[in-house]
Amino acid sequence: MIYIKPSFYDDFKCTASKCSDNCCIGWEIDVDEETLKKYNNIQDSFGDEIREKIEKSPDGSKCFKLSENDRCPFLNNENLCRIYIICGEDALCDICKNHPRFFEWFPGVTECGLGLSCEEVCRILLSDDKPFELLETNDFKPIKLESKEDTVVSYAYIFISGLRQNIFNVLFSDKGSFYEKLERVIDDAERFCGEELPLRKNKEIIEAYKNTEPIDEKWTQYIEELWENSDKYLEKRKVFKEEFKNDKLYLKILAYIFYRHLTKAAFDMDIVSRVCFCLESIRFIEISDVKTYCEKGKLTLKDRIENLKNWSKQVEYSAENTDYLIYGD
């Protein structure tokens, strides 16, 4: 089995109560079956409290009953987890133990990563302008393809990961501005796919995001403001592009998006739709930065982390929204 991860993967450490956001607020927190067994074996008053605060979600799985303001019921006043404090890390359910890590499994290959819904991951990604690099390890255990479908997916993965590496080579080559490299990526992808990419125009991208299911009321307000003032922001983008044409952080963000999303096309071979999704994602993130730039007259690293995190929360952590932006209605 081959394991692939970004070079900064092992640098992540949760900032806990220092985080300005919190992944234990505003999300349904699923309790997996193995962890549920552990909770059922805790024979004390805290075990009783845990079991009392678990309920069945609409899809039939088990989850914690969120308290006021959609907080996890085990989040204390300092935004620290009482289960972790009292029972230790092994007592955390899988989603809490793994977040913000993500995994994608292909025949013979596991891709690991860190989700950008976490501001600390965004900070690590954007902390320098070094190229986005992947590390690969191999446990050299024999790989057995169980079915014809596995064989097809395996070959598709090799094929698509080759395109992804070519994109990385373009993004982190020495020549060209960010926007020039973006055009080269589009040209290379079109040659690879054998067709013109049906990319949305900038205002169409904003409209598509406006039609996604809002993760919270803040997003609804944000996207409405972006839509209502889109002409102003897109006009200002001309000045913004000149100032940020040599920006290297957009290169890393785009590389991350391609890393997380492109090879999933191995399962349906809709490479064109996923390439478009990746390219439209970086353009939406850039337009969000333009909005901040217009409002503040500048764009700080903190602003960029906030915009990137909010994009990821709205899109990457909603399968419905991701599918809509990739495949349409």
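Colleague: Where does M269 lie?
Modeller: M269 sits in the loop that runs between helix 11 and helix 12, where helices (H or I, at least four residues) and strands (E, at least two) are DSSP runs numbered from the N terminus. This is a predicted model, in which local features need pLDDT of at least 70 and side-chain atom pairs count only at pLDDT 80 or more, while totals for chains, interfaces and linings use all residues. Residues are numbered from 1 along each chain as its sequence is written, and side-chain values use heavy atoms, with hydrogens and water left out.

Colleague: OK, and what is the phi of M269?
Modeller: M269 has a positive phi of about 60°, although it is not a glycine. As background, most residues other than glycine have a negative phi, and most peptide bonds are trans.

Colleague: What about N69, which is not a glycine either?
Modeller: N69 also has a positive phi, of about 65°, and it is placed in the loop between strand 4 and helix 3. With a relative accessible area of 61%, N69 is exposed.

Colleague: Where is the cis peptide bond?
Modeller: The cis peptide bond joins H99 and P100, with omega at about 5°. P100 belongs to the loop between helix 4 and strand 5 (101-106).

Colleague: Changing topic, what is the mean pLDDT of the chain?
Modeller: The mean for the chain is 93, and 100% of its residues reach 70 or more; pLDDT is the predictor's confidence in each residue, from 0 to 100.

Colleague: And where in the chain is confidence lowest and highest?
Modeller: Confidence is lowest in helix 4 (residues 94-98), at a mean of 90, and highest in helix 11 (residues 249-261), at 98.

Colleague: How many salt bridges does the structure hold?
Modeller: The structure holds 27 of them, a salt bridge being a side-chain nitrogen of Lys or Arg within 4 Å of a carboxyl oxygen of Asp or Glu. One of them joins K53 and E49, whose closest N and O atoms are 2.9 Å apart.

Colleague: Which residue does the side chain of E119 meet in a salt bridge?
Modeller: E119 meets K309, at 3.8 Å from N to O. The pair links distant parts of the chain, since E119 is in helix 5 (residues 119-125) and K309 is in helix 13 (residues 301-315), 190 residues apart. E119 counts as buried at 17% relative accessibility, and K309 counts as buried at 3%.

Colleague: Which residues are linked with E119 and K309 in a network of salt bridges?
Modeller: The network links D21, E306 and K313 with E119 and K309.

Colleague: And which residue pairs with E280 in a salt bridge?
Modeller: The side chain of E280 meets that of R200, at 2.7 Å from N to O. This pair also links distant parts of the chain, with E280 in helix 12 (residues 271-296) and R200 in the loop between helix 7 (178-193) and helix 8 (202-210), 80 residues apart. E280 is buried, at a relative accessible area of 5%, whereas R200 is partly exposed, at 22%.

Colleague: Now the surface: which residues gather in a patch of negative charge?
Modeller: They are E28, D30, E55 and D59. Patches are made of residues with over 30% relative accessible area and no salt bridge, with like charges joined within 9 Å and nonpolar side chains (Val, Leu, Ile, Met, Phe, Trp, Tyr) within 5 Å. Lys and Arg count as positive and Asp and Glu as negative, while His and the chain ends are not counted; the place of a charge is taken as NZ of Lys, CZ of Arg, CG of Asp or CD of Glu.

Colleague: Where does D59 lie?
Modeller: D59 is in the loop between strand 3 (54-56) and strand 4 (62-64), and it is exposed, with a relative accessible area of 62%.

Colleague: Which residues form a nonpolar patch on the surface?
Modeller: Y84, I85 and I86 form that patch, with about 320 Å² of accessible area together; accessible areas come from the Shrake-Rupley method with a 1.4 Å probe, and for residues, only the protein chains shown count as cover. Y84 is found in helix 3 (residues 82-87), and it is partly exposed, at 44% relative accessible area.

How values were computed: Buried < 20%, exposed > 50% of the residue type's maximum accessible area, 1.4 Å probe, protein only.
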